[in-house]
Amino acid sequence: MLSFDIIEYQNRLSKTKQRMAESGIEVLLVTDPANMNYLSGYDAWSFYVHQMLIVIIDEPQPIWIGRYQDANGAKATTWIYDENVIAYPDYYVQSSVYHPMDFVAEILKQIGQGNRYIGVEMDNYYFSAKALERLKQGLPNATFKDADLLVNYVRIIKSDQEIEYMKKAAKIADEAMFKATESIYAGVRECDVAANIYYQVVSGTKDYGGDYPAIVPLLPSGENTSAPHLTWSDKRYQEGEAVIVELAGCYKRYHVPLARTVSIGKPSKELEKITPVVVEGLNEVLHSVKPGMTCGEVESIWRNSIKKHGIEKEARLGYSVGLNYPPDWGEHTASLRMGDPTVLQPNMTFHLIPGLWFDNYGIEISESFRVTDAGCETFTDFPRDLVVKDPFHRNQHGGIIS
């Protein structure tokens with residue numbers, strides 16, 4: 001069930017250990033499910049309970065620790081030996097008395113790791129304050145260090161195989177966006193559009209299926225387009241409304257996000273005015289990106305482009321994207337924002353989202369791209385413009401109706 005050759009996993013582990021050595025970390029406790037997948041291949045919906053991958057700097061294989069009923073999943077999806085899969089009993093699960101980190105601490109002591117420099121992912125959705133507290137109680141002779149984003153930065157440059165998976169995710173994103181724009185017209189319920197998107201994202205293409213995305217489809221409509229992270233209701237669309245559609249194709253946990261804005265009927269004056277500004281700035285950025293630039297320099301191109309029109313954007317322009325699990329498809333490393341010193345390198349991948357949100361309307365037209373040896377290439381092919389729909393008839397081709 002491995003998604004990559006074992007040699008690729010071993011190379012990832014080697015790079016991780018190099019970063020551990022540079023940070024003075026001897027034992028790394030990996031709790032981010034994307035990082036667990038990246039290093040071991042582990043892939044299951046078990047991250048709602050405590051689990052981790054333990055990387056020991058002088059041991060050839062990591063150790064997986066998780067719930068007893070998930071151990072067979074670890075044996076099935078990882079490249080590590082079965083004896084390195086260690087399960088805790090179910091009485092540790094969501095207990096007010098026992099905690100899985102008590103079990104982890106005991107294992108670390110038993111294998112002689114209880115007095116080492118231990119790195120933990122401090123700012124991670126899946127590592128709680130109580131988890132750290134119980135680890136410290138169980139390992140009083142250990143020295144804990146912040147290893148937040150250590151593996152994430154190993155992930156930031158993709159292998160050729162990862163890029164191929166993202167290209168497959170991109171085709172799914174294109175088809176899902178066509179399905180979404182085809183579905184939106186006056187009288188249709190928002191929830192039915194969401195259902196069509198989900199069907200297409202999971203069904204994938206005729207050649208390969210899709211996976212569940214780390215973020216649900218975001219579908220604010222009308223004045224709610226000023227709030228980009230709203231989802232959907234059972235409200236019916238009305239003529240004259242705009243709808244923002246932000247989704248992602250996902251293949252083997254690799255994401256390619258894509259956003260477009262749909263006008264049901266004639267666009268408002270605000271959208272007619274702002275759309276060419278967004279498209280112009282987006283194109284200027286894509287034409288300018290090249291290896292050696294910093295993320296901050298990329299953002300400045302966008303900022304200067306919209307400044308000509310008297311507009312400023314408060315939020316970042318984009319972020320590194322790829323392998324992930326809920327609740328986010330971003331990698332939490334490089335951001336396309338003012339002052340970010342991250343230097344672009346080939347096979348870095350970003351979601352470039354020059355969304356603008358005002359008091360009572362907003363617009364999103366985004367692209368995901370890969371940095372190449374000479375510039376960049378976008379993953380998807382969906383028309384880069386405002387999608388204008390006949391208000392009462394389906395657009396059979398999902399394209400732009402003028």
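Into which domains is the chain divided? There are two entries to show: domain 1 covers 6-155 and domain 2 covers 160-400, with bounds that come from an automatic or database domain assignment.

Before the details, a word on the model. It is predicted, so to speak of local features a pLDDT of at least 70 is needed, side-chain atom pairs count only at pLDDT 80 or more, and totals for chains, interfaces and linings use all residues. Residues are numbered from 1 along each chain as its sequence is written, and side-chain values use heavy atoms, with hydrogens and water left out.

Now the overall picture. The chain has ten helices and 16 strands; these are DSSP runs, numbered from the N terminus, where a helix is H or I with at least four residues and a strand is E with at least two. The radius of gyration is 23 Å, close to the 21 Å that the globule rule gives for 402 residues, so the chain is as compact as a globular protein of that length. That radius is taken over C-alpha atoms, and the rule is 2.2 Å times the number of residues to the power 0.38. Along the principal axes, the C-alpha trace spans about 70 × 45 × 40 Å.

Back to the two domains. Their C-alpha centres lie 34 Å apart. How many residues of domain 1 are in contact with domain 2? There are 18, and they meet 15 residues of domain 2, contact meaning heavy atoms within 4.5 Å. Across the chain, of the contacts with a separation of 6 or more, 68% are between residues 24 or more positions apart.

On burial and surface: buried residues make up 58% of the 402. Buried means under 20% relative accessible area, exposed means over 50%, and partly exposed is in between, with a 1.4 Å probe and protein chains only. The chain exposes about 17300 Å², and carbon and sulfur atoms supply 48% of that area. The areas come from the Shrake-Rupley method with a 1.4 Å probe.

L13 lies in helix 1, residues 6-22, and is buried at a relative accessible area of 5%. Leaving aside residues up to four places away in sequence, L13 touches L39, V55, P60, P62 and W79. From L13 to A169 is 156 residues along the chain and 25 Å between C-alpha atoms.

E246 lies in strand 7. Is E246 buried or exposed? Buried, with a relative accessible area of 6%. With the same exclusion of residues up to four places away, the residues that E246 touches include V216, L258, Y319, W329, H351 and E364. E246 and R12 are 234 residues apart in sequence, and their C-alpha atoms are 31 Å apart.

Last, some backbone geometry. Which peptide bond is cis, with omega near 15°? The one from P326 to P327, and P327 lies in the loop between strand 9 (318-321) and strand 10 (330-336).

Two residues other than glycine have positive phi. L149 has phi near 70° and lies in the loop between strand 6 (143-146) and helix 6 (150-155). K252 has phi of about 50°; its place is the loop between strand 7 (242-251) and strand 8 (254-264). K252 is partly exposed, with a relative accessible area of 35%.
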